[in-house]
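The sequence and the structure are shown first, and the description follows.

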Amino acid sequence: MISDRRLRLVAIVLALIGLGVASYLTYVHYEDIRPVCGLGGDCVKVQTSEWSKLAGIPVAVLGLVGYAVILVSLLIPGEEALIAGALTALIGFGFSAYLTYREVFTIDAICQWCVASAIIMTLLAIITTTRLLLSPGDERGAIPYVG
């Protein structure tokens with residue numbers, strides 16, 4: 001059986017990688033430069049599409065905030081942190097799925113960075129939800145913290 005400690009460690013590593021991806025895409029957006037894109041993708045087309053912003057905020061910035069919230073939640077003990085991390089990751093997963101749909105069926109282009117972020121967020125949603133569902137809270141609702 002996989003321990004909570006191991007799941008937490010894997011989630012921390014994934015959140016840090018996600019922060020790196022989102023930071024890079026945020027940098028590319030604000031510096032108005034072309035992202036490095038290989039594998040036959042068209043990152044520029046995706047990054048400049050109408051779906052690259054939500055209410056005027058670049059989705060890369062939303063990803064940056066989401067990964068930061070997940071990372072902080074993984075560093076704080078307690079049920080509230082578990083819930084916050086899982087909820088943020090599940091929302092991120094849903095939003096990533098929507099954006100991937102837009103890439104494939106509307107924009108007709110794939111951004112490798114966006115795909116990487118979607119995969120990372122999917123894994124984080126699975127891990128954080130698993131941690132939440134397996135947490136053994138006591139009668140006060142407190143979750144033992146395994147450091």
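## The largest pocket

Sorted by class, the residues that line the largest pocket are 17 nonpolar, ten polar and one charged. The model is a predicted one, and in it this pocket has a volume of about 520 Å³. Its lining comprises 28 residues, of which Val59, Gly63, Phe95, Ser96 and Leu99 are the closest to the centre. Two or more lining residues come from each of helix H1 (4-31), H2, H3, helix H4 (79-107) and helix H5 (112-134). The largest contribution is that of H4, with nine residues.

## Confidence of the prediction

The average pLDDT of the protein chain is 89, and 90% of the residues score at least 70. Over residues 138-146, however, the pLDDT is below 50; this stretch has 14 contacts in the model beyond near neighbours in sequence. The table gives the two elements at the ends of the range of mean pLDDT.

| Element | Residues | Mean pLDDT |
|---|---|---|
| Helix H2 | residues 43-47 | 87, the lowest among the elements |
| Helix H3 | residues 59-75 | 97, the highest among the elements |

## Nonpolar cores

The largest nonpolar core has 20 residues, and those with the most contacts inside it are Ala15, Tyr67, Ile70, Leu74, Ala89, Ile120 and Leu124. H1, H3 and H5 are the elements that give two or more residues to this core. Of these elements, H1 gives the most, with nine residues. Apart from this core lies another, of six residues, including Cys43, Val46, Ile107 and Ala109.

Isoleucine 70 illustrates the packing in the largest core. When its neighbours within four places in sequence are left aside, isoleucine 70 is in contact with Ala15, Gly85, Thr88, Ala89, Met121 and Leu124. Two of these partners, Ala15 and Ala89, are also listed among the core residues with the most contacts.

## Leucine 7

Leucine 7 belongs to helix H1. Is this residue buried or exposed? Leucine 7 has a relative accessible area of 14% and therefore counts as buried, because the limit for that class is under 20%. Residues up to four places away in sequence not being counted, leucine 7 touches Ile2, Ile127, Thr130 and Arg131. From serine 49, leucine 7 is separated by 42 residues in sequence and by 36 Å in space, C-alpha to C-alpha.

Conventions:
Residues numbered from 1 in each chain as written. Predicted model: local features only at pLDDT ≥ 70, side-chain atom pairs only at ≥ 80, totals over all residues. Heavy atoms only, no water. pLDDT = per-residue confidence, 0-100. Helix = DSSP H or I, 4+ residues; strand = E, 2+ residues; numbered from the N terminus. Contact = heavy atoms within 4.5 Å. 1 Å grid on protein atoms, 1.4 Å probe; cavity = no way out; pocket = protein on both sides within 12 Å on 5 of 7 lines; lining within 4 Å. Points joined across faces, edges and corners; volume = space filled by probe spheres on them. Nonpolar A, V, L, I, M, F, W, Y, C, P; charged D, E, K, R; others polar. Core = buried A, V, L, I, M, F, W, Y, C linked by side-chain atoms within 4.5 Å. Buried < 20%, exposed > 50% of the residue type's maximum accessible area, 1.4 Å probe, protein only.
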